[in-house]
Amino acid sequence: MKLSEVKQVADSLKRGSLAVLPTETGYMLAAMATSTTAIEHAFAVKGRDTANVMHVACASLEMAESIGRITKRAVRVLEELTPGPVTVIVNKTPLLPDRLVTLDGTVGIRIPDHPATLQVIGEVGVPLTATSLNAAGSATAPIEEFDLELLNWSSDEIVYVVEDDEAIVYDSPSTLVRVVGEAIEVLRPGPISESEVDRVAG
């Protein structure tokens, strides 16, 4: 993406709008994860139960450390396996709301493997929601196969879509790993195996 395009998408997100951004596991519906209003908007568009919290996407380990209490084991996972299809659950910092993107004082963090998406997150300056682009309960799909009208957009809403179907190289969600204190647990299998997570985490 050109710098001007990155800024255009980022400015829209900063104003509370949504965007559709590519990752290696599918498209994500992005909203500023520090704005309760923006996050609620993403929930409404998907028809998602607010009790089912959304994970967030960061542009770097440094950004992740601003919203999560990253232990040494979590650092190893994020440094070696991301950008890539891993989401790490850690204890949160006060930067994020106490609901919607956090649960019981924890937050799920991923660093997606797509340069344009990382550029947009970096330009916004805070994490974005990393929920999949789909109506609650339905499957994800490439943009060309997905009917965007299935989602509950506002009638006057402008939503930027960064399209790159070739970036989607995995047909399953990211591996979900909880790293709280010294404990580590794979909560959802995914592209990165449990043995690889254990090897990296040490």
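**Pairs, a pocket and one threonine**

Visitor: Which residue in β9 does A19 stand opposite?
Guide: A19 stands opposite Y160 in β9. Before we go on: this is a predicted model, where local features need pLDDT of at least 70 and side-chain atom pairs count only at pLDDT 80 or more, while totals for chains, interfaces and linings use all residues. Residues are numbered from 1 along each chain as its sequence is written, and side-chain values use heavy atoms, leaving out hydrogens and water.

Visitor: What makes β1 and β9 a pair?
Guide: Strands here are DSSP runs of E, at least two residues long, numbered from the N terminus, just as helices are runs of H or I with at least four. Two strands pair if DSSP finds at least two bridges between them. Strand β1 (residues 19-23) and β9 share two bridges, in the parallel sense, so they count as a pair.

Visitor: What makes β8 and β9 edge strands?
Guide: The open sheet has four strands in the order β8-β2-β1-β9, with mixed pairing. Its edge strands, β8 (131-132) and β9 (160-161), each pair on one side only.

Visitor: How do you know that β10 and β11 pair?
Guide: Five bridges join β10 to strand β11 (residues 183-188), and the two run antiparallel. β10 and β11 form a hairpin with two residues between them, and G181 in the turn has a positive phi of about 65°.

Visitor: Why is T34 called partly exposed?
Guide: Buried means under 20% relative accessible area and exposed means over 50%, with partly exposed in between (1.4 Å probe, protein chains only). T34 has 26% relative accessibility, so it counts as partly exposed. T34 lies in the loop between β2 (26-30) and α2 (36-46).

Visitor: What makes something a pocket?
Guide: On a 1 Å grid over the protein atoms alone, it is an open set of points with protein on both sides within 12 Å along at least five of seven lines; a cavity is a set where a 1.4 Å probe fits but cannot get out, and lining residues have an atom within 4 Å of a point. The lining of the second largest pocket includes H55, D104 and L176.

Visitor: How many of that pocket's lining residues are nonpolar, polar and charged?
Guide: The second largest pocket's lining has seven nonpolar, four polar and one charged. Ala, Val, Leu, Ile, Met, Phe, Trp, Tyr, Cys and Pro count as nonpolar, Asp, Glu, Lys and Arg as charged, and the others, Gly among them, as polar.
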